[in-house]
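Thanks for coming, everyone. Let me put the structure up, and then we'll walk through it.

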Amino acid sequence: MVDLPIIGVLGGMGPYAGLDLVKKVFAETRGDSDQGHLPVALLSYSHRIADRTDYVLGRTAENPGHAIAEVAHDLASIGVRIAGIPCNSAHEPVIFGVITRSLADTDLRIPHLIDETVQHIRELLPSVQRIGCLSTLSVHRTGLYRDAVKAAGLTPIMCDDHVAEHVVHCAIYDHEWGIKAHSSPVTPRAQELVLEGIRHVRERGAEAVILGCTELPLAVSKAEGVVCVDPVRALARALIRETSPSKLKPLCRD
């Protein structure tokens, strides 16, 4: 039996986003049997990892990059050489830099979720120019996607600050009905707010919308009049491409 490279998933950010990445690795893999799929190791240690948005916004002094790096070292210790982090906020430079520096003495590589998402758009939607983005408040305020989209020669279409904070961010974080509180299933109220955010950037001219929190695709996968771009799918495809490219399914629009 062929010894295939192990794909690692640093989960817990949130927990269902990690599961979603594993699911999408399987969905994007050419496999006609159990043995035809790729080995995946998921570590979901949410109790050890501080909230990324709280850190970026200055609400906590604990940089979650240190805990994420510890989990990455655990994956490296079992032979994982490539791993994905299904959390957009974890790719903020102040967090991601800590992770990558900690891994400098290992063979473990982590594809950059934001870069992979933008590249995914270029491949999936080559004629699309105006890209909307929904995200957590930290990603919105730092311009993580705005800058990456612009650097790719595309036009970013962002939420206004009110929608970013009181619609999209609430849909993710509200303790009673938000996606983090109820991920399976997502509440109708959270779903409707995500759709409201999509409509907002569509009305501003977006032709496609990045669901730029890895928990947003748990609520909505499609919307009328605009293409929804799933960073988790982009990351899944990158992990397969970097480990077993012959197993990667052809790219197609859902």
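First, a term. Buried means under 20% relative accessible area, exposed means over 50%, and partly exposed is in between, with a 1.4 Å probe and protein chains only. Two notes on the source. This is a predicted model, so local features need pLDDT of at least 70 and side-chain atom pairs count only at pLDDT 80 or more, while totals for chains, interfaces and linings use all residues. Residues are numbered from 1 along each chain as its sequence is written, and side-chain values use heavy atoms, with hydrogens and water left out.

Elements next. Helices (H or I, at least four residues) and strands (E, at least two) are DSSP runs, numbered from the N terminus.

Start with helix α4, residues 93-102. Which of its residues are buried? They are Ile95, Phe96, Gly97, Val98 and Ile99. What do they pack against? The partners are α2 (52-56) and α3 (64-77). Contact here means heavy atoms within 4.5 Å.

Now the cores. A nonpolar core is a set of buried Ala, Val, Leu, Ile, Met, Phe, Trp, Tyr and Cys residues joined through side-chain atoms within 4.5 Å. The largest one has 28 residues. Leu134, Val194, Ile198 and Leu216 have the most contacts inside it. Elements that give two or more residues to this core are α8 (161-173), α9 (188-203), β6 (208-212) and α10 (216-219). Helix α8 gives the most, with seven residues. Take Ile198. Leaving out residues up to four places away in sequence, Ile198 touches Leu134, Val209, Leu211, Val220, Ala223, Val226 and Cys228. There is also a second, separate core of 22 residues. Among its members are Ala72, Ala83, Ile85 and Leu108.

On to some single positions. Ser135 lies in strand β4, residues 130-135. Ser135 is buried, at 5% relative accessible area. Its side chain reaches the backbone nitrogen of His140 at 3.3 Å. That is a polar contact: a pair of N or O atoms within 3.5 Å, where, within protein, one must be able to donate a hydrogen and the other to accept it, and residues adjacent in sequence count only if both atoms are side-chain atoms. Beyond four places in sequence, Ser135 touches His140, Val168, Ile172, Gly212, Cys213 and Leu216.

Asp230 is in the loop between β7 (227-229) and α11 (231-243). Buried or exposed? Asp230 counts as buried, at 14% relative accessibility. The Asp230 side chain reaches the backbone nitrogen of Val232 at 2.8 Å. Again setting aside residues up to four places away, Asp230 touches Lys24 and Pro217. Asp230 and Gly212 are 18 residues apart in sequence, and 7.6 Å apart in space, C-alpha to C-alpha.

Leu125 sits in the loop between α5 (113-124) and β4. Leu125 is buried as well, at 3% relative accessibility. From Leu125 to Val227 is 102 residues in sequence, but 9.0 Å in space, C-alpha to C-alpha. Outside four places in sequence, Leu125 is in contact with His120, Ala208, Val227, Val229 and Arg253.

Cysteines. How many disulfides does the structure hold? Zero, with a disulfide taken as a pair of cysteine sulfur atoms within 2.5 Å. For Cys87, the nearest cysteine sulfur is that of Cys213, 7.1 Å away. Cys87 is buried, with a relative accessible area of 5%. For Cys252, the nearest cysteine sulfur belongs to Cys228, 16 Å away. Cys252 is partly exposed, at 44%.

One ring feature. The charged end of Lys180 sits over the ring of Tyr173, 5.3 Å from its centre. The rule: NZ of Lys or CZ of Arg within 6 Å of the ring centre and within 35 degrees of the ring normal.

Last, the backbone. Most peptide bonds are trans. Where are the cis bonds I want to show? A cis peptide bond joins Met13 and Gly14, with omega about -10 degrees. Gly14 is in the loop between β1 (7-11) and α1 (15-27). The bond from Ser184 to Pro185 is also cis, with omega near 0 degrees. Pro185 is in the loop between α8 and α9.

That's the tour.
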